[in-house]
Every structure is written in C-alpha cells, then in structure tokens.
Amino acid sequence: MAKIAKIARALPLRPSNSSLRDRVSSRLARQILSGHYPQGTLLPTEAQLGAEFKVSRTALREAVRTLAAKGLVESRQRAGTRVLASEDWNRLDSDVLRWMGEIEPDLDFVRGLTEARQIIEPAAAEMAAKRATARNLAAIEEAYDAMCAAKLTDLDACARADVAFHVAILRASRNPVLANLGDVIGAALMNAFRLTTSASVNYRKTLAAHGEVLEAIRMRHADIARSRMQALLGIATEDLMRIADAGAAVPKRGGKRSA
C-alpha cells in the first residue's frame with residue numbers, strides 16, 4: 001500500500017476542469033483584449049480553437065461561457081462566437097483587470113480611467129481630510145514614503161507605491177463605496193501607472209504634488225486637499241496626453257514616476 005501511495009505521489013497531477021477552464025479563458029481573453037481577435041469578428045471554430053489550445057470542446061465551451069459572462073463575446077447557435085464591442089466589456093471585473101494587466105496597456109481605457117479619477121479622487125481627498133483616522137493617515141504616509149524610496153529604474157515598485165497612495169486616500173474617505181472602489185480599480189490603476197509613469201518628465205514636481213496632498217489631508221484642510229489632488233491628477237493627464245500625441249510605445253522596464 002505504501003508503495004502504491006509513493007507511485008501515486010510521483011505521477012503528474014491532471015488539471016482540474018476549473019483550472020483548465022481558467023487557463024483557456026485567460027489565454028483567449030488576452031487574445032481578445034489585445035486585438036488579436038478584433039471587435040466584431042467571429043472567433044475560429046471550436047475545432048480550430050480546440051486544436052490550437054489542445055483542449056476538449058467541453059473545456060473550450062466552458063471558457064467561452066466565462067468570457068460571455070464578462071461581456072467579451074457572444075455565442076449563437078449556427079452563427080458562431082463573436083467578439084463584442086469594447087463598450088460591452090466588463091472592464092472592472094477582477095478577472096478582466098488581471099488579464100488586461102498581462103498585455104500592453106490600453107490607451108483609451110487609461111484615458112477613461114483618468115477622466116473618472118478626476119471626478120472621484122478630489123472628492124475623496126476632501127473627505128479624507130475631514131474623516132481620516134490615525135491609521136488611515138499612517139497608510140497614506142507609508143505609501144508616500146515607499147514612493148520616495150523606490151528606485152527610478154524600478155517601474156513596478158514606483159507604480160505599486162503610487163497605487164497604494166491613491167487607494168489609501170479612497171479608504172481614508174471613510175465612504176464605503178469609495179473604499180471598495182479602491183480595491184476594484186487597484187489593478188486598473190497599476191496598468192495606468194505603468195503607462196503614465198514612463199512619460200513623466202518632472203519627477204520632483206510629481207513627488208512634491210503627492211506630498212502636498214498628504215500634508216493637506218494630515219492638516220485637515222479639506223478644500224486644499226481637493227485642489228491639490230486636482231493638480232496632481234493634472235500631471236497624470238499631461239503625461240497621458242504626451243504619450244497619445246507622440247504615439248509612444250509602452251516600455252517594458254525603467255522610466256520615471258507619475259501621478
């Protein structure tokens with residue numbers, strides 16, 4: 001019996017149906033999100049995709065159902081599976097955000113995210129100045145210190161600290177919707193910062209702007225916190241427009257920080 005158990009442990013584990021579905025869903029989603037399969041076009045047949053991914057039709061159908069639930073595709077009998085328009089995609093779904101983080105950042109989505117931040121974050125900063133607890137303030141300051149300590153050549157470290165700073169302010173608003181929104185859009189912010197961080201031409205101005213937001217919140221100056229957050233987001237907008245105008249490619253590593 002012990003020998004059998006030893007042999008069983010040595011055998012490779014077969015992937016579960018759920019893990020296989022997740023792998024197929026992830027690969028197919030990235031192909032759609034990256035434009036490999038353009039919006040409005042039909043996906044290859046089940047037989048073709050099954051051969052490409054080396055999976056059964058059952059696993060493929062489960063993956064397609066997953067993507068359909070997230071608004072990426074639509075399947076119809078005898079008509080095939082069609083990639084839906086990007087406005088139908090559930091961009092804030094946790095899986096979709098994760099898949100988007102594994103491909104080149106989408107400039108249009110980052111632009112839309114920046115517009116939404118300009119509406120939400122100044123108000124959150126104002127609320128944080130009025131409501132933040134000592135623990136909230138410590139979290140914002142810790143994130144800011146991490147931004148100061150991050151090496152300019154480590155783009156991911158810079159972006160992680162930047163995301164932590166903005167998420168901490170959303171939580172410090174003590175508004176349950178805004179607090180949860182930080183968790184939802186954290187991955188989207190990470191993708192955006194990977195893009196705009198590389199375009200920042202004035203690191204000291206950017207870092208100083210973060211420090212000014214922190215100080216206004218810490219001093220309980222609500223109106224100033226709002227205006228300083230608006231100024232900070234203005235830097236991010238300038239950087240984004242610079243990328244859009246130049247048609248700059250997204251770097252894989254290195255670069256400077258942004259808002």
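**Exercise 1. Find how many helices and strands the chain has, and in what order its elements run.**

The chain has eleven helices and two strands, where helices (H or I, at least four residues) and strands (E, at least two) are DSSP runs, numbered from the N terminus. Read from the N terminus on, these elements follow the order α-α-α-α-β-β-α-α-α-α-α-α-α. This is a predicted model, in which local features need pLDDT of at least 70 and side-chain atom pairs count only at pLDDT 80 or more, while totals for chains, interfaces and linings use all residues. Residues are numbered from 1 along each chain as its sequence is written, and side-chain values use heavy atoms, with hydrogens and water left out.

**Exercise 2. Describe how helix H7 packs with helix H8.**

Begin with the general rule that two packed helices are described by the angle between their axes and the distance between the axes. Axes are lines fitted to C-alpha atoms, for helices over the stretch in contact, and angles run from 0 to 180 degrees between N-to-C directions. Helix H7 (residues 134-149) and helix H8 (residues 155-172) pack at about 165°, with axes 8 Å apart. H7 is therefore roughly antiparallel to H8, a description used for angles over 145 degrees. Next, list the residues that meet, with contact meaning heavy atoms within 4.5 Å: those of H7 include Ala139, Ile140 and Tyr144, and those of H8 include Phe165, Ala168 and Ile169. Sorted by class, the contact of H7 with H8 holds twelve nonpolar, one polar and two charged residues; here Ala, Val, Leu, Ile, Met, Phe, Trp, Tyr, Cys and Pro count as nonpolar, Asp, Glu, Lys and Arg as charged, and the others, Gly among them, as polar.

**Exercise 3. Describe the packing of helix H3 with helix H4.**

Helix H3 (residues 46-53) and helix H4 (residues 57-69) pack at an angle of about 105°, and their axes lie 9 Å apart. H3 is therefore roughly perpendicular to H4, the description for angles of 65 to 115 degrees. On the H3 side the contact is made by Glu46, Ala47, Leu49, Gly50 and Phe53, and on the H4 side by Arg57, Leu60 and Arg61. These residues divide into four nonpolar, one polar and three charged.

**Exercise 4. Decide whether Asp93 is buried or exposed, and name the side chain that it contacts.**

Asp93 is found in the loop between strand S2 (80-83) and helix H5 (94-100). Asp93 counts as buried because its relative accessibility is 17%, and buried means under 20% relative accessible area, exposed over 50%, partly exposed in between (1.4 Å probe, protein chains only). The side chain of Asp93 is joined to that of Lys70 by a polar contact of 3.1 Å, that is, a pair of N or O atoms within 3.5 Å, of which, within protein, one must be able to donate a hydrogen and the other to accept it.

Terms used:
Parallel < 35°, antiparallel > 145°, perpendicular 65-115°, else oblique.
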